[in-house]
Amino acid sequence: SRLFRHLALSGYGYDLVSEPLTRALLGAYQVLFVNLVDDTLPAFDEAEIDAVDGFVAAGGGLFIITDHSNCYHSAQIINPLLERFGLRATYYTAVERGAEEAIEGGGWLKITRFGAHPITEGLRMVSFQTGGTLESTDGAATILASSSESAFGDFWNESEGTPGYYGNWRQDPGEPDGPLSLAVAR
């Protein structure tokens with residue numbers, strides 16, 4: 001809501017869209033913002049994914065916010081769309097071990113590592129609050145922000161039923177080491 005309030009105060013309009021995404025609908029916009037999908041809404045169907053792909057191919061912008069650890073099945077729902085663009089949301093929460101890299105606990109990170117890109121120009125620090133990681137499935141993505149080398153990806157095992165959709169806040173065998181991709185561009 002703070003993003004949309006800022007957009008309105010800065011003179012940008014926006015619409016909240018709840019109908020199926022089509023090329024005709026998306027043609028009225030410059031950017032599609034997809035915020036934290038969850039299992040209370042239907043997943044993107046193939047026609048919607050095709051429409052978004054066509055929108056981006058025609059020059060439209062696509063901005064997607066993912067969540068940590070497949071929280072509320074967010075990764076399962078968003079990955080069919082992300083995969084069209086050579087990306088994948090993981091089932092990991094980014095956790096920092098170093099106190100200088102964490103804001104609160106290990107899951108609230110102080111991001112200070114940015115890739116060279118117009119989006120990150122001038123950034124010095126971003127607060128990342130219990131966020132997930134992303135992977136480029138074809139190696140063509142530009143990493144915009146990454147964790148430190150001391151970070152790791154904490155897997156949440158849905159069958160364990162831990163509250164908050166978090167892992168156990170310690171690195172277990174098979175969980176990836178940092179640096180981890182936290183924001184990417186294509």
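What follows is a set of questions and answers on this predicted model.

Q: How many helices and strands are there in the protein chain?
A: Let's start with the inventory, counting along the protein chain. The tally comes to four helices and eleven strands.

Q: What radius of gyration does the protein chain have, and what would a compact globule have?
A: The C-alpha trace spans about 45 × 40 × 30 Å along its principal axes. For 186 residues, a compact globule would come out near 16 Å. The protein chain agrees with that, because its own radius of gyration is 17 Å.

Q: What share of the residues in the protein chain is buried?
A: Buried here means a relative accessible area under 20%. The accessible surface comes to about 10800 Å², and 53% of that belongs to carbon and sulfur atoms. Out of the 186 residues, the buried share is 38%.

Q: Among contacts between residues at least 6 apart in sequence, what share joins residues at least 24 apart?
A: Take the contacts in the protein chain whose residues sit at least 6 apart in sequence, then pick out those at least 24 apart. That share is 69%.

Q: How far apart are the mean positions of the positive and negative charges?
A: The protein chain carries 11 positive and 25 negative charges.

Q: Which strands are the edge strands of the open sheet of three strands?
A: The strand order in this sheet is β6-β9-β11, and the pairing is antiparallel. An edge strand pairs on one side only.

Q: Which residue is the bridge partner of Thr142 in β11?
A: Strand β9 covers residues 142-146 and runs antiparallel to β11, with four bridges joining the two. Thr142 has its partner on the β11 side, and that partner is Ala185.

Q: Which residues of β5 are on the covered face, and which on the uncovered one?
A: In a regular strand, side chains alternate between the two faces of the sheet. In β5, the uncovered face has Trp108 and Lys110. The covered face has Leu109 and Ile111.

Q: Which residue in β7 stands opposite Trp108?
A: β5 and β7 (residues 126-129) run antiparallel and are joined by four bridges. Across from Trp108, on the β7 side, is Gln129.

Q: Is Gly107 buried or exposed?
A: Gly107 is in the loop between β4 (102-104) and β5 (108-111). Leaving aside residues up to four places away in sequence, Gly107 touches Ala94, Phe128, Gln129, Thr130, Gly131 and Trp169. Its relative accessible area is 3%, and under 20% counts as buried. So Gly107 is buried.

Q: How far apart in space are Gly107 and Arg5?
A: In sequence, 102 residues separate Gly107 from Arg5. Going C-alpha to C-alpha, the separation in space is 26 Å.

Q: Why is helix α4 largely enclosed by the rest of the structure, and which residues of α4 are buried?
A: Helix α4 covers residues 74-83, and it is largely enclosed because seven of its ten residues are buried. Those buried residues pack against β1 (31-35), α3 (46-57), β2 (61-65), β3 (87-95) and β8 (132-136). They are Ser74, Ala75, Ile77, Ile78, Asn79, Leu81 and Leu82.

Q: Is Asn70 buried or exposed?
A: Asn70 is in the loop between β2 and α4. Although it is not a glycine, Asn70 has a positive phi of about 65°. With a relative accessible area of 2%, Asn70 is buried.

Q: What is the relative accessible area of Tyr72?
A: Tyr72 is also a residue other than glycine with a positive phi, near 55°. Its place is in the loop between β2 and α4. Tyr72 is partly exposed, and its relative accessible area is 40%.

Q: How far apart in space are Cys71 and Gly132?
A: Cys71 is in the loop between β2 and α4, and it is buried at a relative accessible area of 4%. Cys71 and Gly132 are 61 residues apart in sequence. C-alpha to C-alpha, they are 9.4 Å apart in space.

Q: Is the peptide bond from Gly178 to Pro179 cis or trans?
A: Pro179 is in the loop between β10 (152-155) and β11. Omega for this peptide bond is near 0°, and the bond is cis.

Terms used: Residues are numbered from 1 along each chain as its sequence is written. This is a predicted model: local features need pLDDT of at least 70, side-chain atom pairs count only at pLDDT 80 or more; totals for chains, interfaces and linings use all residues. Side-chain values use heavy atoms; hydrogens and water are left out. Two strands pair if DSSP finds at least two bridges between them. The radius of gyration is taken over C-alpha atoms; the globule rule is 2.2 Å times the number of residues to the power 0.38. Buried means under 20% relative accessible area, exposed over 50%, partly exposed in between (1.4 Å probe, protein chains only). Contact means heavy atoms within 4.5 Å. Accessible areas come from the Shrake-Rupley method with a 1.4 Å probe; for residues, only the protein chains shown count as cover. Lys and Arg count as positive and Asp and Glu as negative; His and the chain ends are not counted. The place of a charge is taken as NZ of Lys, CZ of Arg, CG of Asp or CD of Glu.
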